[in-house]
Amino acid sequence: MLRLIPQTFTRHHSTNTTVKPLKRVPSLFNKINSASNVKPNYQPGLYHHPAPSASIISTPDVFLPQNDQRKGLNVKKEVLGPTVSQPREKKLNLTPEEVSQIQKLRLEQPELWTRSKLAAEFNVSPFTISLVSNPNKQRSEEMQQRLQTIKESWGRQRYLARLDRKKRAVNWYRDE
Amino acid sequence: MNSLIRTSARKSLRQFSTSSIKFNSQQIIASEEQALKSAPLVALHERLNLPSSYKLGTLAQALTCRSSYKQELAHNYGLNILGKNFLTYYVSEHILATYPRLPLPVLNAAVASYISSDSLYAVGKYAWGIESDDTTALSKYLNEEAKEHSLGKLRFLPISQTDEAGVTKLSSRDRKSIHPAAAYALGVRSIIGGLYLSTKSEEVTKKFIQDHILSRKLDISKMFEFEQPTRELSRLCERQNLEKPVARLISETGRKSDKPIFVMGIFSGENKLGESYGSSIREAKIRASVNALKNWYLYKPTTVSVPSDKDYKPSVVDHGIVIV
C-alpha cells in the first residue's frame with residue numbers, strides 16, 4: 001500500500017516559483033509620523049509569512065494517566081540544554097526571633113534593609129519577607145512619590161510604550 | 001455534574017408535559033394546512049432535514065415567542081426549556097468526556113461558548129437562516145402577503161434599540177420585549193425541544209445537537225489565563241510525584257540585539273513538559289510553563305465516550321485542578 005505513494009514529487013511549471021518571504025510587515029502608514037520611513041509597496045501575490053507562535057498542545061508521557069493506551073509508547077530522552085537558574089534550597093521556616101528581627105529592621109532602617117537585602121540575609125524569598133513584615137509607611141509613601149515624579153516626566157511616546165509593554169505581558173500568561 | 005443535569009432534564013420534561021396541557025386549551029397550534037402555505041416554514045423544515053414526524057405546526061410554535069403579536073398561537077416557552085436541558089446535558093458531557101481535566105471556570109466558559117444566547121443567535125440566524133418577522137402590518141397588506149406566510153419567521157417584540165431625538169418616552173419599557181439574540185436563542189432551543197417531542201428519541205436529539213451545535217469549532221486552549229504559572233506547575237509536579245520543573249534553553253538568537261528570541265522548555269528530569277518562545281528569558285519561561293500547564297489540562301483520551309452512549313466506559317477521574 002505504501003509503495004503506491006510516489007517517493008519524489010515533481011513540481012510543474014505552475015507551482016515552480018518559490019514563495020517569497022515577507023520581509024517587512026506592512027503597518028499603518030502615517031503621512032507625518034512615518035514620513036522618513038519608506039512605505040512598503042508589495043505587489044499583490046503570495047508571500048511566506050508564517051505565524052509567530054510555535055507552541056503546540058500535546059500531552060507529554062509523564063502527564064498521561066496510568067490507564068491511557070499511549071502511556072510509555074512515546075518516551076523521548078531529550079537533549080538537555082543549559083538551565084537559566086539553579087533551583088536553590090528554600091528555607092521554609094523562620095524562627096519567631098528571626099521574624100521579629102526582620103520586622104524591626106524593616107521598620108527602623110528601611111533605607112538600609114530593603115526587602116531583597118533582608119531576603120538574602122535570612123535566605124528566604126522576598127515574597128516571604130513581605131508575608132512576615134510590613135513596610136515602613138513613610139518610606140513606601142516616599143517611594144510612591146518618586147515613582148510618580150518619574151512617570152510625570154514621561155512623554156506621550158514613552159507612556160504609550162510602557163502601556164503597550166503591560167498589554168503584551170498579559171499575553172505571556174495565556175501563551176498566545 | 002452529569003447526573004445532576006440528567007435529573008434536571010427529566011424533571012423539567014415532567015413539568016413541561018403537565019404545563020403544555022394548560023396552555024393548549026387556551027392557545028392553538030397552527031394546523032398543517034395553514035403551515036404548508038408558509039414558504040419560509042417549509043424551507044426551514046427541509047433545510048434542517050427534520051423528520052416527517054416533526055409537524056410544521058410544532059415548528060411554527062417553536063418560532064413564536066411569548067411577546068409575539070399572534071397571541072392566539074401557542075408560544076415556545078415550554079419547548080425552549082426542554083431544548084435548553086437537552087443542550088446543556090449533551091454539550092457538557094461532550095466537553096467533559098473530551099477534556100476530562102478542564103478546570104471548572106474553563107468548562108463553564110466552553111459550555112457557554114456553545115449554548116449561550118449569542119452563539120445560538122449565530123446558529124439560528126446565519127447557519128439555519130431563520131428570518132425575523134419585522135415588517136409592519138401595513139407593508140404586509142400592501143405586499144398582499146398571505147396571513148400564514150409569517151408562520152415561518154421568528155416572531156417576537158424587539159426592544160427599541162435607539163431613542164428618537166426630541167422624543168421623551170414616558171411609559172416604562174415593555175416587559176415582554178426582548179433582544180433579538182435572546183429571541184433567536186429561544187427559537188433554536190425550542191426547535192431542539194420540538195424535535196424530541198416529535199420523535200420521542202434521545203438518540204435523534206443527540207445526533208441533531210452533535211451535527212448543528214457541537215460540530216462548531218471551539219479552541220479551548222485559548223480560554224486559559226494563569227495567574228502564577230510557574231508556581232502552579234511546580235505544585236502540579238509535586239502532586240504527581242514528578243521531579244521539580246526546571247527551565248532550560250533550547251535555542252536562542254540575537255541575544256545582544258534589540259529583538260532577541262529565546263526558545264525554552266520546562267523539564268522534569270529528562271522529560272519535557274512544555275516549550276515556548278519569548279523575547280526575554282523571563283517571558284519564555286512563563287510562556288513555557290503556561291504551555292506545560294495547558295498540556296496537562298487539555299489531556300484528551302484516545303477514545304471519547306459519553307455517559308449517554310450505550311457502550312460507555314468511564315474516562316479519567318483525577319485530583320482536579322491544581323490549588324496554588
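This is a predicted model: local features need pLDDT of at least 70, side-chain atom pairs count only at pLDDT 80 or more; totals for chains, interfaces and linings use all residues.
**Figure 1**
Chain A contains 5 helices and 2 strands. Read from the N terminus, the order of its elements is β-β-α-α-α-α-α. Chain A has 176 residues, and 15% of them count as buried. Where contacts in chain A join residues at least 6 apart in sequence, 51% are between residues at least 24 apart. Chain B contains 12 helices and 3 strands. Of its 324 residues, 47% count as buried. For contacts in chain B with a separation of 6 or more, 63% come from residues 24 or more positions apart.

**Figure 2. Asn136(A) in the loop between α3 and α4 of chain A.**
Is Asn136(A) buried or exposed? Asn136(A) has a relative accessibility of 16% and therefore counts as buried, the cut-off for buried being under 20%. The Asn136(A) side chain reaches the backbone nitrogen of Gln138(A) at a distance of 3.0 Å. With neighbours within four places in sequence set aside, the residues in contact with Asn136(A) are Arg106(A), Leu107(A) and Pro110(A).

**Figure 3. Glu121(A) in helix α2 of chain A.**
Helix α2 covers residues 115–122 of chain A, and Glu121(A) is part of this helix. Glu121(A) counts as exposed because its relative accessibility is 53%, and the cut-off for exposed is over 50%. Ile102(A) is 19 residues away from Glu121(A) along the chain, and the C-alpha atoms of the two are 9.8 Å apart.

**Figure 4. Packing of helices α5 and α6 in chain B.**
Helix α5 spans residues 77–98 of chain B and helix α6 spans residues 104–115. Their axes come within 10 Å and cross at roughly 130 degrees. The two helices, α5(B) and α6(B), are therefore oblique to each other, and the crossing is right-handed. From α5(B), the contact is made by Leu87(B), Thr88(B), Val91(B), Ser92(B), Ile95(B) and Leu96(B). From α6(B), the contributing residues are Leu107(B), Ala110(B), Val111(B), Tyr114(B) and Ile115(B). Sorted by class, the residues of this contact are 9 nonpolar and 2 polar, with no charged residues.

**Figure 5. Packing of helices α9 and α10 in chain B.**
Helix α9 (residues 180–199) and helix α10 (residues 202–214) of chain B pack with their axes 8 Å apart, at an angle of about 155 degrees. This angle makes α9(B) roughly antiparallel to α10(B), because angles over 145 degrees count as such. The crossing of α9(B) and α10(B) is right-handed. On the α9(B) side, the contact involves Ile191(B), Ile192(B), Leu195(B), Tyr196(B) and Thr199(B). On the α10(B) side, Glu202(B), Val204(B), Thr205(B), Phe208(B) and Ile209(B) take part. The contact of α9(B) with α10(B) has 7 nonpolar, 2 polar and 1 charged residues.

**Figure 6. Packing of helices α11 and α12 in chain B.**
Helix α11 (residues 229–239) and helix α12 (residues 281–297) of chain B have axes that come within 8 Å and cross at roughly 45 degrees. At this angle α11(B) is oblique to α12(B). The crossing of α11(B) and α12(B) is left-handed. Helix α11(B) contributes Pro229(B), Thr230(B), Glu232(B), Leu233(B), Leu236(B) and Arg239(B) to the contact. Helix α12(B) contributes Ile286(B), Ser289(B), Val290(B), Ala292(B), Leu293(B), Trp296(B) and Tyr297(B). By class, the residues in the contact of α11(B) with α12(B) are 9 nonpolar, 2 polar and 2 charged.

**Figure 7. Asn49(B) and Lys200(B), two residues with positive phi.**
Most residues other than glycine have a negative phi. Asn49(B) is not a glycine, yet has a positive phi of about 55 degrees. Asn49(B) sits in the loop of chain B between α3 (39–47) and α4 (56–62). With a relative accessible area of 69%, Asn49(B) is exposed. Lys200(B), which is not a glycine either, has a positive phi of about 55 degrees. Lys200(B) belongs to the loop between α9 and α10 of chain B. The relative accessible area of Lys200(B) is 58%, so Lys200(B) is exposed.

Conventions:
Residues are numbered from 1 along each chain as its sequence is written. Chains are lettered from A and ligands numbered from 1 in the order in which they are written. Side-chain values use heavy atoms; hydrogens and water are left out. Helices (H or I, at least four residues) and strands (E, at least two) are DSSP runs, numbered from the N terminus. Buried means under 20% relative accessible area, exposed over 50%, partly exposed in between (1.4 Å probe, protein chains only). A polar contact is a pair of N or O atoms within 3.5 Å; within protein, one must be able to donate a hydrogen and the other to accept it, and residues adjacent in sequence count only if both atoms are side-chain atoms. Contact means heavy atoms within 4.5 Å. Axes are lines fitted to C-alpha atoms, for helices over the stretch in contact, and angles run from 0 to 180 degrees between N-to-C directions. Angles under 35 degrees count as roughly parallel, over 145 as roughly antiparallel, 65 to 115 as roughly perpendicular and the rest as oblique. A crossing is left-handed if the near helix is turned anticlockwise from the far one by less than a right angle, and right-handed if clockwise. Ala, Val, Leu, Ile, Met, Phe, Trp, Tyr, Cys and Pro count as nonpolar, Asp, Glu, Lys and Arg as charged, and the others, Gly among them, as polar.
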